[in-house]
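Hello,

Here is the structure I promised to pass on. Have a look at it first, and then read my notes below.

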Amino acid sequence: MPKATNTDDSEPSDGVQIDLISGERMDGMATMEKIRMILDGVHDGNIVILEEGLTPDEESRLIEVTMAEISPDEFNGIEIETYPKSEARDSSLLGRIMGSDKVETKLTVIGPANQIETLHKDETLISALVSRN
Amino acid sequence: MGLFTELKDSISRVTDRLFSEQEPKRIGIYGPPNAGKTTLANRIARDWTGDAIGAESHIPHETRRARRKENVDIERNGKTVTIDIVDTPGVTTKVDYEEFTDELDEEDAIRRSREATEGVAEAMHWLREDVDGVIYVLDSAEDPITQVNTMLIGIIESRDLPVLIFANKTDLEDSSVKRIEDAFPQHTTVPLSAKEGDNMDEVYDKIAEFFG
């Protein structure tokens with residue numbers, strides 16, 4: 001599977017690269033493949049947007065791997081944002097009746113901690129400021 | 001006769017332990033840095049065992065290793081609930097050593113940040129593998145809707161662990177317990193000030209009810 005990189009051969013511009021990764025692309029990837037893909041992008045200074053987010057277990061492992069890669073003056077970690085889970089969606093009657101164990105998907109934005117700053121977040125809106133380091 | 005009585009008592013103690021007692025549940029104290037987790041852990045440990053668990057500090061990431069206090073017997077309504085308390089490092093997705101350079105020299109700040117990252121990883125590992133229930137501590141003077149809180153509560157829920165949310169620091173002027181109740185309506189929120197010892201009776205009632 002091709003890595004998300006600059007598609008032309010020119011030098012990187014002053015802009016910020018945003019990788020929008022579809023749920024389809026994430027399907028079938030192992031947890032560590034997803035984490036590696038995310039952190040490789042973030043290490044390159046990219047903003048990674050996941051259409052369907054991560055499972056709680058994957059989020060927990062992402063935190064753990066991120067911590068192992070933090071290095072003074074090089075990498076301070078990640079900023080990650082998803083919508084908070086609302087009570088209404090959490091207790092979906094249909095989901096309970098169907099016994100669905102499918103994890104609810106949620107758009108997730110991940111970037112280098114020193115380049116992305118959350119300005120506002122509520123259950124329906126995430127507003128973030130992205131800067132070029 | 002003395003030997004026989006002693007032997008009988010000894011066998012009785014062993015069978016009591018085998019058949020009457022279950023292993024104490026390990027209750028992890030989780031939350032973001034500086035929520036007052038160690039202050040709470042120390043308050044509980046001092047109230048029921050006389051000992052503290054760890055050092056408290058206003059500098060974030062004072063706790064950089066998970067620490068367990070075993071066999072804390074909490075007595076409620078004539079019953080005793082025995083738990084192990086696991087005080088964990090505050091969870092975050094980023095650590096910048098420059099946060100600490102106001103109060104520490106650069107070398108100590110770098111060491112603190114490195115230990116802090118190891119501590120966060122350790123806390124996540126405990127959560128996935130080694131705790132039976134969670135006390136999630138929040139500073140009630142701060143906005144509870146943060147990514148770390150949302151993710152951690154999601155992780156705890158996905159593991160079906162019993163969880164109590166403690167709205168700590170109610171002694172602060174900006175404290176709002178309702179803000180926390182509104183953020184996590186699916187869970188029980190208990191207000192307290194671990195530092196001042198306020199509302200600890202309800203804290204212990206709820207611990208016994210949820211984790212007993």
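Starting at the N terminus, the elements of chain A follow the order β-α-α-β-α-β-α-α-β-β-β. That comes to five helices and six strands. Please keep in mind that this is a predicted model. Of the 133 residues of chain A, 26% count as buried. As for contacts in chain A between residues at least 6 apart in sequence, 71% of them join residues at least 24 apart.

Next, the place where the two chains meet. Chain A puts 24 residues into the contact, and chain B puts in 24 residues. On the chain A side, α3 (56–69), β3 (78–82) and α4 (87–90) each supply at least two of the residues that touch chain B. The largest share, nine residues, comes from α3(A). Sorted by class, this side of chain A has 10 nonpolar, five polar and nine charged residues.

Now to the inside of the model. In soluble globular proteins, nonpolar side chains tend to be buried together. The largest nonpolar core here has 66 residues, and the members that touch the most others are Ile85(B), Tyr136(B), Ile165(B) and Phe166(B). Helix α3 of chain B (residues 106–129) gives the most to this core, with six residues.

Finally, a helix to look at on screen is α6 of chain B, residues 200–211. Which residues of α6(B) are buried? They are Val203(B), Ile207(B) and Phe211(B). Looking down the axis of α6(B), these buried residues fall within an arc of 35°, so they line one face of the helix. They pack against five strands of chain B: β1 (25–30), β2 (67–76), β3 (79–87), β4 (133–139) and β6 (188–191). The face of α6(B) turned away from the buried side carries the exposed residues Asp201(B) and Glu202(B).

Happy to go through any of this with you.

Best wishes

Methods
Residues numbered from 1 in each chain as written. Chains lettered and ligands numbered in written order. Predicted model: local features only at pLDDT ≥ 70, side-chain atom pairs only at ≥ 80, totals over all residues. Helix = DSSP H or I, 4+ residues; strand = E, 2+ residues; numbered from the N terminus. Expected span 1.5 Å × (residues − 1). Buried ≥ 20, exposed ≤ 12 C-beta atoms within 10 Å, placed from the backbone. Arc of directions from axis to C-beta. Contact = placed C-beta atoms within 7 Å. Nonpolar A, V, L, I, M, F, W, Y, C, P; charged D, E, K, R; others polar. Core = buried A, V, L, I, M, F, W, Y, C linked by C-beta atoms within 7 Å.
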